[in-house]
Amino acid sequence: MQNDLEEVKVLLEKTTRKRVRDALTAEKNKIETEIKNKMQQKSQKKPELLDNEKPAAVVAPITTGYTVKISNYGWDQSDKFVKIYITLTGVHQVPAENVQVHFTERSFDLLVKNLNGKSYSMIVNNLLKPISVEGSSKKVKTDTVLILCRKKAENTRWEYLTQVEKECKEKEKPSYDTETDPSEGLMNVLKKIYEDGDDDMKRTINKAWVESREKQAKGDTEF
């Protein structure tokens, strides 16, 4: 992915046509975002506590433990609501104030405090479409938390829960190969620009591409 980014930068330096620069700039921003997200995911990984590192009962006889990130859930929708179902055994037995949900127009986060000695957290950002903060709510049922996101645009269907899910699924559509070359995204962008462009644009892309490859062959491009 870093190689793709360097290659896009080289092409941007060589290209002068606005349409080509805009497309390459968009691809550059996309690659930079993916690299940033992967770095954040690595930094957020927390090591599990070893048995001898856990606080002894005599030091902290009453504790809420650690926070567990919720990753398993189900969802469906009606004309007015997107409904998210989270299964947590015994959640209906904790005080109502221990189950908190915060909504924004494109996100929600759930926090369940002190359930069987642990807290549980779920954060969902970049919802596919805007929701009504005032019209959204939660319900606690037997072993289940139900989050109700009120659609801002009623009678519209959500194909995915988040924008990220949509983008991931759309990337998978062109090929069933799960180990596709990361460079294919860039190649597809350049191919489309080339096919839609006039003779001058095609010459510009060809020239920039050849010079980029020659520069790489000489070892001038950083790894």
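Buried means under 20% relative accessible area, exposed means over 50%, and partly exposed lies in between (1.4 Å probe, protein chains only). The model is predicted: local features need pLDDT of at least 70, side-chain atom pairs count only at pLDDT 80 or more, and totals for chains, interfaces and linings use all residues. Residues are numbered from 1 along each chain as its sequence is written, and side-chain values use heavy atoms, with hydrogens and water left out.

Q: Why is Cys-149 called buried?
A: Its relative accessible area is 1%, and the limit for buried is under 20%; therefore Cys-149 is buried.

Q: What makes Cys-168 partly exposed?
A: Cys-168 has a relative accessible area of 41%, which falls between 20% and 50%, so the residue is partly exposed.

Q: How many disulfides does the rule give?
A: A disulfide is a pair of cysteine sulfur atoms within 2.5 Å. The count by this rule is 0.

Q: Why is the pair of Phe-103 and Phe-108 called tilted?
A: Rings of Phe, Tyr and Trp (its six-membered ring) pair if their centres lie within 6.5 Å; planes under 30 degrees apart count as stacked, over 60 as edge-to-face and the rest as tilted. The search of the whole structure finds 1 aromatic pair. In it, Phe-103 and Phe-108 are 6.4 Å apart centre to centre, with 45° between the planes, so the pair is tilted. Both residues are buried.

Q: Why is strand 6 described as largely enclosed by the rest of the structure?
A: Strands (E, at least two residues) are DSSP runs, numbered from the N terminus. Of the 7 residues of strand 6 (residues 118–124), 5 are buried, so the strand is largely enclosed.

Terms used:
Helices (H or I, at least four residues) and strands (E, at least two) are DSSP runs, numbered from the N terminus.
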